[in-house]
Amino acid sequence: MGSAPVVAHRPSQSGGRRVTVHWHGRDEVLGLAHSDHDLVVFLEAAGVGDPDGALDDPLGGMARGRPHQWSVA
């Protein structure tokens, strides 16, 4: 994931996942993703080289909880 770790947090009760990036010693919220497409947009903005490939990278720290799940089950 490069030098800026991106995390898609667990789905919230109201739906969607908070997406954060760790830059310059602090976490910055990129937004609330409601789909894989939203997450790819956030990854592109964070400078991730292969945002589509990062979605399924188990070592990338991308998804906390079940991948591709955008609401609470």
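Select Trp 70 first, which is found in the segment after α2. Helices (H or I, at least four residues) and strands (E, at least two) are DSSP runs, numbered from the N terminus. This is a predicted model, in which local features need pLDDT of at least 70 and side-chain atom pairs count only at pLDDT 80 or more, while totals for chains, interfaces and linings use all residues. Residues are numbered from 1 along each chain as its sequence is written, and side-chain values use heavy atoms, with hydrogens and water left out.

**Around Trp 70**

Trp 70 has a relative accessible area of 14%, so Trp 70 counts as buried (under 20% relative accessible area; exposed is over 50%, partly exposed in between; 1.4 Å probe, protein chains only). Show its contacts, meaning heavy atoms within 4.5 Å. Leaving aside neighbours within four places in sequence, Trp 70 is in contact with residues including Pro 11, Gly 15, Gly 16, Ala 33, Ser 35 and Leu 39.

The charged end of Arg 17 sits over the ring of Trp 70, 5.5 Å from its centre. The test for this is that NZ of Lys or CZ of Arg is within 6 Å of the ring centre and within 35 degrees of the ring normal.

**His 68**

Next select His 68, also in the segment after α2. His 68 is partly exposed, at 39% relative accessibility. Beyond neighbours within four places in sequence, His 68 is in contact with Asp 36, Leu 55 and Asp 56. From His 68 to Ser 35, 33 residues apart along the chain, the C-alpha separation is 7.4 Å.

Move to Arg 10 in strand β1 (residues 6–11). Arg 10 is exposed, with 59% relative accessibility. The C-alpha atom of Arg 10 is 9.4 Å from that of Pro 67, 57 residues away along the chain.

Then go to the loop between β2 (17–23) and β3 (26–33), the place of His 24. Most residues other than glycine have a negative phi. His 24 is not a glycine, yet has a positive phi of about 55°. His 24 is exposed, at a relative accessible area of 83%.

**The nonpolar core**

Which residues touch the most other members of the largest nonpolar core? Select Val 6, Val 19, Ala 33, Leu 39, Leu 43, Val 48 and Leu 55, out of 14 residues in that core. β1, β2 and α1 (36–45) are the elements that give two or more residues to this core, and α1 gives the most, with four. Such a core is a set of buried Ala, Val, Leu, Ile, Met, Phe, Trp, Tyr and Cys residues joined through side-chain atoms within 4.5 Å.

**The whole chain**

Zoom out. The chain has two helices and three strands, which run β-β-β-α-α from the N terminus on. Of its 73 residues, 37% are buried. Among contacts between residues at least 6 apart in sequence, 39% join residues at least 24 apart.

Last, colour the chain by pLDDT, the predictor's confidence in each residue, from 0 to 100. The mean pLDDT of the chain is 81, and 81% of its residues reach 70 or more.
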